[in-house]
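Subject: Handover of a structure and the findings on it

Dear colleague,

Please find below the structure that I am handing over to you. My notes on it follow directly after.

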Amino acid sequence: MPAPSSAAVPAGALAAGRRGRAQGPLGVPTRGTTGVDRLRRTDRWLAGPGAALLRGAADPLVVDLGFGSSAVTTLHLARALRRVRPDVEVVGLEVDPARAAHAAASLRAVPADRARGVSFGVGGFELGGPVAGRRPVLVRAANVLRQYAAADVPAAWAVVTGRLATGGLLLDATCDELGRRAAWAVVGTAGPEQLVVSVRLADLTRPSEVAERLPKALIHDNVPGSRVHALLAALDAAWARAAPLAPWGPRQRWLATCRGLRDAGWPVLDRAPGGGPRRWRLGELAVAWSAVAG
Ligand SMILES: C[S@@+](CC[C@H](N)C(=O)[O-])C[C@H]1O[C@@H](n2cnc3c(N)ncnc32)[C@H](O)[C@@H]1O
């Protein structure tokens, strides 16, 4: 069983923080650790399975919530999304005003073509500040909720998704320092829809290595008897069964693993845009949330 990361923000702090300053951003500043290219797997998902939503959006607004100590992940997200929708607007929101000010100032040194459509401001789960009153179509919160208590996750999801455009999605994502192991919940206005895992196949020993990067809503549930634990065990078993394909490379082995999991009856998304061989080849696998709930 992986050791779940302990919450840096005590349970209930979310609600308490709001009570303390009714007009301020909803949330609590936490460590701002980030890194170049760390969030490329979520960029790729948002510009892939998320693309249709963005293409059809009346207001092509996307929020990078809790971007951390530098502007880099927001700039990279904008770069990926401009290929889908050249007029996309990507706003980095931070609950920490100093980080928001630093990122905004750093934009002045960024070439105009990279900074196009990008801005930064102070805001939290309420999606306030520069985006107050607007309805983003996509929100990414990467490595934000992992620092809160699991008990605060449903409330945070509800607040964010309550501010989304119709059909909009929140990605509640977690990853390792280099972005080689990542997982995220895809959350819509009616609740969580999918769990996506995305791993670098070249150095994967077994799929359950992603357990340490499960979203906060699941990481503490990963104990024998839970559905998420059963899913990871089934994924490891499918990976082991696919071992004869290893000489053809980890990608072929992963493709067989995804098919094997689906054929064993798990609700694997096996069609575009969210699933199927094109996504699997990237080291991704999406399952319906029902596979892991409870
Ligand atoms: C670990 S950093 C993650 C940075 C970046 N997203 C990444 O994954 O590389 C988490 C950041 O989220 C910010 N944060 C925490 N709660 C927040 C909230 N409710 N709204 C906006 N930002 C928040 C923290 O201040 C911190 O800078």
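Two strands are said to pair if DSSP finds at least two bridges between them. Strands of a sheet pair through backbone hydrogen bonds, either parallel or antiparallel. Please bear in mind throughout that this is a predicted model.

The pairing of strand 2 (residues 89-94) with strand 3 is parallel and runs over 5 bridges. Within this pair, valine 91 has serine 119 in strand 3 as its bridge partner.

Leucine 170 belongs to strand 5 (residues 169-175). Is leucine 170 buried or exposed? Leucine 170 is buried, because 27 other C-beta atoms lie within 10 Å, and a count of 20 or more is what the term requires. Beyond its neighbours within four places in sequence, leucine 170 is in contact with Val139, Ala141, Trp157, Val160, Thr161, Leu164 and Val187. Glutamine 147, by contrast, is 23 residues from leucine 170 along the chain, and the C-alpha atoms of the two are separated by 17 Å.

The loop between helix 1 and helix 2

Leucine 39 is placed in the loop between helix 1 (13-20) and helix 2 (40-46). Leucine 39 counts as buried because it has 28 C-beta neighbours inside 10 Å. Once neighbours within four places in sequence are left aside, its contacts are Thr73, His76, Ala142, Cys175 and Gly179. Threonine 74 is 35 residues from leucine 39 in sequence, and their C-alpha atoms are 9.4 Å apart.

Aspartate 37 also lies in the loop between helix 1 and helix 2. With 12 other C-beta atoms within 10 Å, aspartate 37 is exposed, since the term applies at 12 or fewer.

Backbone features to inspect

Most residues other than glycine have a negative phi, and most peptide bonds are trans.

- Aspartate 37 is not a glycine, yet its phi is positive, near 70°.
- Leucine 127, in the loop between strand 3 (118-122) and strand 4 (138-142), likewise has a positive phi, of about 55°, although it is not a glycine. Leucine 127 is buried, with 27 other C-beta atoms within 10 Å.
- Alanine 272 and proline 273 are joined by a cis peptide bond, with omega about 10°. Proline 273 is found in the loop between helix 10 (250-263) and helix 11 (277-280).

The ligand

Which residues come nearest to the ligand? Of the 26 residues around the ligand, these are Gly27, Thr34, Gly66, Gly68 and Asn143. The shell comprises 11 nonpolar, 10 polar and 5 charged residues.

Confidence

The average pLDDT of the protein chain is 94, and 94% of the residues score at least 70. Over residues 1-5, however, pLDDT stays under 50. For that stretch, the model has 8 contacts beyond four places in sequence.

With kind regards

Key:
Residues are numbered from 1 along each chain as its sequence is written. This is a predicted model: local features need pLDDT of at least 70, side-chain atom pairs count only at pLDDT 80 or more; totals for chains, interfaces and linings use all residues. A residue is near a molecule or strand if its C-beta atom, placed from the backbone, lies within 6 Å of it. Ala, Val, Leu, Ile, Met, Phe, Trp, Tyr, Cys and Pro count as nonpolar, Asp, Glu, Lys and Arg as charged, and the others, Gly among them, as polar. Helices (H or I, at least four residues) and strands (E, at least two) are DSSP runs, numbered from the N terminus. Two residues are in contact if their C-beta atoms, placed from the backbone, lie within 7 Å. pLDDT is the predictor's confidence in each residue, from 0 to 100.
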